[in-house]
Amino acid sequence: MEPQEIAAAARRFAAMARIVGPDPKAVKMRRHAFHLHQSGSTSLSASAVLLPRGALADPPPLLGRVCAAHGHAGDVALTAASLVEPFLVAEQRDNPGEEFRPRLVPEARLDVLVEHEDLGSTRDIKSGAPQWLSARLLAMVDVPASAESVLSLLKHEDSPIGGSSWDVGWSLSNVNQKQVENDIRSSLESNRNNASIESKDPSTLAKSATRIAILGIPTLTTDNARHIDVSVMQHRGDFLLMVGSPFGIMSPFHFFNSISVGAVANCLPPGTVRSSLLMADIHCLPGTEGAPVFDKNSCLVGMLMQPLRQRGSSIEVQLVITWDAICTEWNSKKLEELGQALCELPDEKNPDSKTMKLSHTDNYGRCVSCSANNLNQYRISPSSLREAISSVVLVTVGDTSWASGIVLNKNGLVLTNAHLLEPWRFGRTSTLGLQNKITSVAGEHLSDGEDKPLQPQQCKVSNEDAVKHEFSLFNLGFKREKRISVRLDQGESQMWCDASVVFISRGPLDVALLQMEKVPTELNVIRPEFVCPTAGSSVYVVGHGLLGPRSGLYSSLSSGVVSKVVKIPATQPSEADNMDIPVMLQTTAAVHSGASGGVLINAHGLMVGLVTSNAKHGGGSTIPHLNFSIPCKSMEIVFKYSVNGDSKVLGQLDKPNEVLSSVWALAPASSPFLSGSQEKGRGGKVLEFSKFLSDKQEALKLGGGLEELLKRKVPSKI
């Protein structure tokens with residue numbers, strides 16, 4: 001199915017939920033990214049999954065029990081519980097949790113906006129516009145498996161409790177919260193609410209973030225019965241389509257049921273066949289929490305929740321609660337556990353409630369979405385993608401730094417970035433504890449974002465290995481290097497092995513080669529594509545970004561396009577006259593710290609580039625969707641070496657190239673590459689990196705040392 005067809009089908013199961021209630025002190029919008037506050041009332045909105053009767057072949061049995069207990073004979077909608085929690089009565093609001101008898105404060109009102117074609121005989125035929133339907137809050141129910149997956153992200157060892165750098169919620173909510181605090185002048189009630197929110201432990205936060213509100217709405221009558229299939233297995237790279245209403249109440253006319261597309265970035269728990277939570281590479285905005293998410297066959301994948309957010313930055317990781325997890329958790333066992341709570345509900349049953357008949361079978365009416373589709377800009381061959389993903393490895397240096405790598409041959413040769421091994425050249429902490437700030441790269445440390453000196457470790461790289469590539473000056477630094485390890489992700493297992501240094505380029509290209517000391521019998525190798533992609537081509541980035549090795553996550557995937565191909569004139573005599581050589585790929589696929597050395601692949605699963613760096617704002621925050629990769633065409637020598645093992649060819653990568661260096665330094669317009677002439681006296685303002693290294697070689701030999709060299713460093717433009 002094409003995205004337009006999927007969107008048309010998906011909109012029939014998407015809605016927007018709104019709650020309006022009294023809020024004289026304007027505190028209900030706390031932790032919400034947007035709101036409307038007028039005449040002492042506050043309005044909030046979120047997206048919702050619309051479930052007409054009969055749409056699901058086998059809906060979760062819990063839904064039928066809840067509806068029957070409340071005497072509700074109509075349809076239901078599911079949304080994020082965070083929408084209604086601010087308007088619960090005090091005793092439920094102060095101790096939020098699962099509620100099968102939720103009570104809203106007096107005068108609070110819930111309604112749901114649905115497409116006009118869903119209204120049947122109830123719609124205003126003349127207007128043809130979406131219409132609000134009155135709704136009831138029936139229950140708020142947890143999804144424990146999804147909550148456990150969220151908790152694993154919040155509590156992973158790289159960010160322990162008390163020092164976690166991750167939270168759940170929209171980045172814009174912090175801006176709104178500060179504005180609220182200013183507006184209400186830190187009232188006592190506000191301070192109490194804020195203290196309650198900030199004191200939430202990770203477990204409570206994870207449960208709250210995955211809690212779902214069940215809303216009862218009138219029956220939707222249409223001429224054609226609507227049915228929805230459910231996707232049960234998802235894989236990294238699978239197509240996703242979300243239908244939500246960002247900033248919905250601000251103007252439903254503009255924002256209601258908007259479409260966004262992307263792909264599955266990762267699946268949790270790691271290494272399992274059935275996922276309870278998905279990390280999604282999809283553009284979402286506040287108000288889309290609660291939105292239904294569909295796959296390439298318009299099967300329901302799950303419901304969007306609020307994102308995982310990195311504290312102190314605008315980085316967000318979109319999360320999807322899988323429908324498979326909802327079905328599994330809302331099963332008969334759950335009914336037994338909560339039977340007493342349901343039995344204590346007021347007896348509001350009526351004869352019509354029997355029409356809400358819900359059956360239950362072992363397969364939950366779920367299907368595996370795996371039919372073949374033609375490739376387009378949103379999709380990639382599943383087999384090619386799996387092969388490319390499995391060739392990406394995690395590389396760690398000591399206990400504090402990590403990045404990604406790519407397996408080049410069956411002998412265990414791994415391609416990665418030089419800045420992981422020699423970080424002081426690119427603005428990271430050196431192996432000697434020195435500081436430098438030359439360039440912005442996509443490597444990462446296992447600290448809380450600070451560049452701390454690496455601690456001494458038992459050296460796993462021998463001096464012989466350190467100087468094997470003797471014409472590379474800075475390989476001498478590896479006499480003190482830390483243990484280098486490589487992790488392979490194979491199916492449901494992860495395998496670690498030590499690695500040694502083969503080559504580190506001292507030229508303008510940020511490349512290095514490692515050799516795995518133990519090679520498994522089954523090793524997937526990347527397949528390169530030396531024909532450079534054109535601007536606008538779809539690409540995917542696979543790497544180990546953001547959360548680090550201790551989280552246990554496999555590599556993540558992001559999608560985008562090639563936004564720019566930077567080329568320079570050919571310099572080799574064998575190359576055709578006037579031929580421009582691609583030397584840099586600029587892409588829009590999100591790249592985060594830790595993805596250095598990851599692979600850039602095309603829609604056929606072939607490697608087209610090595611992920612190297614991304615740009616930064618002046619304040620230091622990264623720009624994830626503005627990043628740079630080295631094209632395979634520029635690394636043909638590396639791939640030749642991986643085939644024939646002749647190390648002499650690698651020497652060509654050490655040769656200085658001022659034009660290429662200026663490209664990777666994001667040179668200003670005064671560079672010879674861009675203007676055709678260079679102003680005298682301004683050469684030092686362009687970071688010609690390989691020339692810089694050559695000029696400083698004598699300083700090292702004369703005993704000045706690295707510390708003296710770094711005092712005369714040239715700042716980067718990144």
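The structure is a predicted model, in which local features need pLDDT of at least 70 and side-chain atom pairs count only at pLDDT 80 or more, whereas totals for chains, interfaces and linings use all residues. Residues are numbered from 1 along each chain as its sequence is written, and side-chain values use heavy atoms, with hydrogens and water left out.

**Exercise 1. Find how many salt bridges the model holds, and describe the pair of Arg 11 and Glu 115.**

Step one is the criterion: a salt bridge is a side-chain nitrogen of Lys or Arg within 4 Å of a carboxyl oxygen of Asp or Glu. By this rule the count is 14 salt bridges.

Step two is the pair itself, in which the closest N and O atoms of Arg 11 and Glu 115 are 2.7 Å apart. Helices (H or I, at least four residues) and strands (E, at least two) are here DSSP runs, numbered from the N terminus.

Step three is exposure, where buried means under 20% relative accessible area, exposed over 50%, and partly exposed in between (1.4 Å probe, protein chains only). Arg 11 is partly exposed at 27%, whereas Glu 115 is buried at 7%.

**Exercise 2. Describe the salt bridges of Arg 103 with Glu 91 and of Glu 636 with Lys 633.**

The side chains of Arg 103 and Glu 91 come to 2.5 Å, N to O. This pair links distant parts of the chain, since Arg 103 is in the loop between α3 (90–93) and β5 while Glu 91 is in helix α3, 12 residues apart. Arg 103 is partly exposed, with 43% relative accessibility, and Glu 91 is partly exposed, with 47%.

For Glu 636 and Lys 633, the N to O distance is 3.3 Å. Glu 636 is partly exposed at 28%, and Lys 633 is partly exposed at 31%. Elsewhere, salt bridges that share partners join Arg 18, Arg 109 and Asp 111 into one network.

**Exercise 3. Identify the residues with the most contacts inside the largest nonpolar core.**

A nonpolar core is a set of buried Ala, Val, Leu, Ile, Met, Phe, Trp, Tyr and Cys residues joined through side-chain atoms within 4.5 Å. The largest such core has 58 residues, and those with the most contacts inside it are Leu 78, Ile 214, Leu 319, Trp 323 and Trp 330. Helix α4 (residues 144–154) gives the most to this core, with five residues.

Leu 319 touches, among others, Val 150, Leu 153, Met 303 and Pro 307, residues up to four places away in sequence not being counted; contact means heavy atoms within 4.5 Å. A second, separate core of 41 residues includes Val 542, Ile 568, Leu 610 and Tyr 641.

**Exercise 4. Follow the pairing from β22 through β23 to β24.**

Strands β22 (residues 484–490) and β23 (residues 493–504) run antiparallel over six bridges, with Arg 487 opposite Trp 496 in β23. Their hairpin has two residues between the strands, and Gly 491 takes a positive phi near 60° there.

Five bridges then join β23 to the antiparallel strand β24 (residues 512–516), where Ala 512 stands opposite Ile 504. Glu 422 and Ala 512 are 90 residues apart in sequence and 9.8 Å apart in space, C-alpha to C-alpha. Glu 422 is buried, at 2% relative accessibility.

**Exercise 5. Determine how the buried residues of helix α7 are arranged.**

In α7 (residues 202–209), Pro 202, Leu 205, Ala 206, Ser 208 and Ala 209 are buried. Seen down the helix axis, these buried residues fall within an arc of 165°, so they line one face of α7; the arc is that of the directions from the helix axis to the C-beta atoms. Their cover includes α4, β8 (166–168) and β15 (300–310).

Methods
Two strands pair if DSSP finds at least two bridges between them.
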